[in-house]
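Here is a quick briefing to keep beside the structure while you look around.

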Amino acid sequence: MLALDLLIQGLVQGAIYALVAVGLTLVYGLLRILHVAHAALFTLGGYLGVLVTNATGSFALALAVAMGVAGVAGIAVYRLAYRPLLGRSPLIALIASIGLFIASEEAFRIIFGAHGLSYVTPPLQAQIEIAPGISLSLARIAVVVLAVVLLSALGWLSLSTRTGVAWRASVSDPPIAQAFGIDIERVRHLNFFVGSALAGAAGVMVALLNNLVEPTMGAVPSYKALAIIVLGGLGNVRGTLVAALALGVVESFGTIYAGHLLDRDAIAFAFLILVLMLRPQGLLARS
Amino acid sequence: MAYEIIVATNVAIAILFALSLNVITGFCGQVSLGHAAFLGIGAYTSAMLTKAGMPLVLSLVPAAVLAGAVGMVVGLASLRVRHDFLAITTMGVAFLFVGIVRKQDALGGEIGIAGIPAPAFGRPGLLVLSVVCVVAFAALAVAIRRSWAGFAFESIADDEDTARLLGIDVPRFKLFAFVVGTAGAGVAGGLYAHQVRFIGPDSFGFVESVTVLAMVIVGGIGSVWGVVVAAALLSMLPQWFQLVDDYKLLLYGALLFATMRFAPDGLAGIATRALRRVRGAA
């Protein structure tokens, strides 16, 4: 029963990782930038989720606002930070992104205080028994459902719409896509909006699970999501999803069975290094 | 004076640490997001040895050797994974180091190592030792840059496949860069441990790795002088910002961002352009 419990915990964690990492891998696929500041939009989502829920009492509204604002903020990050640096070495953009992330953590601390915020009446706290002896909070179930719904919507958007075709074309070959009349700039805006909105949604859900948002809540996603997209094969969305779930499960089993040797992050990265030594291009290599 | 000596020693150690990464990332083009792990290996090695009675200067040798040996293993990884995959792998190595240290009681675990003995020759002596190490390493870096190895590094940084076609033994030079760079970081770690006299797993985290990479890139990738100036500036910034303590990190992050955004080729680039303008005006 412990194994099943750990598996479920791992999958819930993996669903959150997936929501954060998909945006990151989309940015990488399009621009070849390791977008560390992505985690700042995750934090922004978390804060908005708590603030709007506390102000209006509607969690659904809070989720929508958080996703919308995080998405627009993502576009702003692209225009202010990355667009002027596109011709440069990706390292330059990486350091700029890290600077932006550090500054944003501090900005959250200065604006909202160092101790963080909580939901006044946290929604979705009821426990449901899903199997004999195993109960899950509604919030955890909501995390998984939300991840499945949002990522399926993304899949539908990219596979079955004209926008999606343009998007995928721009990722696989920008000059040819441009020659076919695709507005690359629009695709990039869309890309940052969608990826950042997903990160914002993840922030809201993490805030719900912990009933806490704090300025440093983006620290772990900032580097863990990098590990996940590399594990998934950099820029490969399917690979990223597989890697997110795999890492969630490896961590949840690892902390129980190897917790006396390594901490949670070290377990994740030991797994990453092991996989990369065997498969240097990640779990699913980019086609 | 005492305060100035402490600040000057901090700056010297930061310069040594940044120069050591510059060999790997600047010269040879191998991005490392986990260089703080080698600072940590050197710091722990040196601290354990001086606590057992070894003189500080002597303890720097095993610190460099051990850091260099682990660096060689990571260098082997760089033969397998490239570019961004390598950057994240090195980041993973740093998390692995911290995670292992955290769980080893022999290494002080979560609490770290306190009561590291003060150097026998006092704080001014530690400053002199640090400066000697910096000068020696800078001289080594310049010598490497001017040698055949420097040319090989540059060609690998530029285009690894072409370098291989030209008959350059790419794996050998990559390993060389990693060993030299990580051994230098090991020495910096030994000095650091005796400067602060308390080390713990959190002294060598992701932020420290990022900070040192920022020094190399703000300095202008590969430029020895640019990196020296950038390391000095960035390591002193937090001291200057003490005045506005609450906004220290906010300013630091914003400055890092602004430098990359408005001067992407770093201080070396700014200096070169300024020099050209002066010459053009004359």
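Let's start with a cluster of charges: K224(A), E251(A), R264(A) and D265(A) are joined in a network of salt bridges. A salt bridge here is a side-chain nitrogen of Lys or Arg within 4 Å of a carboxyl oxygen of Asp or Glu. Searching the whole structure turns up 13 salt bridges over all chains.

Some ground rules before going on. This is a predicted model, where local features need pLDDT of at least 70 and side-chain atom pairs count only at pLDDT 80 or more, while totals for chains, interfaces and linings use all residues. Residues are numbered from 1 along each chain as its sequence is written, chains are lettered from A and ligands numbered from 1 in the order in which they are written, and side-chain values use heavy atoms, with hydrogens and water left out.

**Chain A overall**

- Chain A has 11 helices and two strands; helices (H or I, at least four residues) and strands (E, at least two) are DSSP runs, numbered from the N terminus.
- Going along the sequence, the order in chain A is α-α-α-α-β-β-α-α-α-α-α-α-α.
- A compact globule of 287 residues would have a radius of gyration near 19 Å, and chain A agrees with its 19 Å. That radius is taken over C-alpha atoms, and the globule rule is 2.2 Å times the number of residues to the power 0.38.
- Along the principal axes, the C-alpha atoms of chain A fill a box of roughly 60 × 50 × 35 Å.
- In chain A, 55% of the 287 residues count as buried. Buried means under 20% relative accessible area, exposed means over 50%, and partly exposed is in between (1.4 Å probe, protein chains only).
- For contacts in chain A with a separation of 6 or more, 76% come from residues 24 or more positions apart; a contact means heavy atoms within 4.5 Å.
- Accessible areas come from the Shrake-Rupley method with a 1.4 Å probe, and for residues only the protein chains shown count as cover.
- Chain A carries 15 positive and 11 negative charges, whose mean positions are 13 Å apart. Lys and Arg count as positive and Asp and Glu as negative, with His and the chain ends not counted; each charge is placed at NZ of Lys, CZ of Arg, CG of Asp or CD of Glu.

**Salt bridges in chain A**

- E185(A) pairs with R83(A) in a salt bridge, with the closest N and O atoms 2.8 Å apart. E185(A) sits in helix α8 (residues 184-210) and R83(A) in the loop between α3 (59-82) and α4 (90-112), so this pair ties together parts of chain A that are 102 residues apart in sequence.
- Both ends of that pair are partly exposed: E185(A) has a relative accessible area of 24%, and R83(A) comes in at 31%.
- E106(A) and R109(A) also meet through their side chains in a salt bridge (2.7 Å, N to O). They are three residues apart in helix α4 of chain A, which puts about one helical turn between them.
- Here E106(A) is buried at 9% relative accessible area, whereas R109(A) is partly exposed at 23%.

**Chain B overall**

- Chain B has 12 helices and zero strands, so you read α-α-α-α-α-α-α-α-α-α-α-α along its sequence.- For 282 residues, a compact globule would have a radius of gyration near 19 Å, and the 19 Å of chain B agrees.
- The box filled by the C-alpha atoms of chain B is roughly 55 × 45 × 30 Å along the principal axes.
- Of the 282 residues in chain B, 56% count as buried.
- Taking contacts in chain B between residues at least 6 apart in sequence, 78% join residues at least 24 apart.
- The accessible surface of chain B is about 11,900 Å², with 70% belonging to carbon and sulfur atoms.
- The 18 positive and 15 negative charges of chain B have mean positions 5 Å apart.

- R102(B) and D202(B) form a salt bridge, with their closest N and O atoms 3.2 Å apart. R102(B) lies in helix α4 (residues 83-103) and D202(B) in the loop between α8 (170-196) and α9 (206-219), so the pair ties together parts of chain B that are 100 residues apart in sequence.
- R102(B) counts as buried at 18% relative accessibility, while D202(B) counts as exposed at 56%.
- S209(B) is in helix α9 of chain B, and this serine is buried with a relative accessible area of 0%.
- Setting aside neighbours within four places in sequence, S209(B) is in contact with L33(B), G34(B), H35(B), A36(B) and A94(B).
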